[in-house]
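Reader: Could you walk me through how some strands and helices are arranged here? I have the model open and would enjoy a short tour.

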Amino acid sequence: MADPAEASVFFIGNATTLIRCQGFTILTDPSFLHRGQRAYLGWGITTRRRTNPAIEVGHVPELDAIVLSHMHGDHWDRYATRGLDKSVPVITTPHAAARLARKGFMNVVALETWREHLLRRGDATLRITSLPARHAPGAAERLLPPVMGSMLEFGHGDLDGGLDLRMHISGDTILDDRLNAIPHRFPDIDVAIVHLGGTKILGALLVTMDGDQGARWVRLIGARHNLPVHYDDYEAFSSGLDDFRRHVDLLGLSDRVRYIGRGETYHILGRRAGHGAR
């Protein structure tokens with residue numbers, strides 16, 4: 001039996017992960033398109049997938065919740081709509097929640113920034129908080145769907161004094177001043193999942209962090225361990241993992257970053273067991 005003080009992140013591909021901790025199983029940003037298929041980004045813009053997911057949607061285990069950063073075709077696709085249990089709670093933005101409700105999902109939870117939602121499983125508690133994120137600079141932000149970052153806090157009871165793991169997911173964001181409040185409200189982050197890729201739409205507009213911004217995000221957020229995802233799966237990405245690694249090294253943050261490939265699992269011990277990775 002797995003140690004309840006141990007969490008794991010299984011990397012499926014792009015921003016899709018399976019997170020397990022305290023008996024909870026959480027799926028993030030479910031995208032199961034195959035190599036060569038196109039994701040739709042709105043306004044007639046598409047991008048072709050370069051990779052295959054590590055597992056198919058039919059192999060996703062029973063879930064306690066899905067956390068969706070925003071409604072874009074590389075974060076929620078037709079396989080997710082057809083293949084996921086429509087009764088599973090989906091925690092997301094109000095914009096995405098309305099879209100999913102129209103698709104027949106019966107338990108969508110719409111969170112405005114800084115709002116939270118609690119899940120309970122026996123004596124275990126998971127608190128999910130919506131965090132600020134920005135998907136494009138300036139007025140271009142209005143052209144893209146609203147996006148949120150997420151904080152997942154695992155523990156027991158009301159979590160006061162019973163917090164075992166604090167995990168941050170960046171969502172598709174660029175580096176922006178509105179992110180500065182995150183480490184002030186949530187110090188002592190154990191692990192963070194950072195969306196990279198330097199995604200460009202219309203060939204020029206940067207709408208996710210490139211290697212430079214991603215490294216500075218790692219420094220800003222201050223998590224003990226950081227897992228890069230969302231960096232090479234689609235043709236719209238302009239900044240790969242090597243770019244991120246180079247900037248992380250330049251900032252002297254190499255000891256804070258862990259690299260995992262699709263189909264690999266990252267393990268981290270919670271606070272009751274003493275922090276550590278395996």
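Predicted model: local features only at pLDDT ≥ 70, side-chain atom pairs only at ≥ 80, totals over all residues.

Reader: How many bridges join strand 11 to strand 12?

Author: Residues are numbered from 1 along each chain as its sequence is written, and side-chain values use heavy atoms, with hydrogens and water left out. Strands are DSSP runs of E with at least two residues, numbered from the N terminus, and two strands pair if DSSP finds at least two bridges between them. Strand 12 covers residues 163-169 and runs antiparallel to strand 11, and the number of bridges joining them is six.

Reader: Which residue in strand 12 is the bridge partner of Glu153?

Author: Strand 11 spans residues 149-156, and eight bridges also join strand 10 to strand 11. On the strand 12 side, the bridge partner of Glu153 is Arg166.

Reader: What is the relative orientation of helix 4 and helix 5?

Author: Helices are DSSP runs of H or I with at least four residues. The axes, lines fitted to C-alpha atoms over the stretch in contact, come within 8 Å and cross at roughly 45 degrees. Angles under 35 degrees count as roughly parallel, over 145 as roughly antiparallel, 65 to 115 as roughly perpendicular and the rest as oblique. Helix 4 and helix 5 are therefore oblique.

Methods:
Axes fitted to C-alpha atoms, helices over the stretch in contact; angles between N-to-C directions. Buried < 20%, exposed > 50% of the residue type's maximum accessible area, 1.4 Å probe, protein only.
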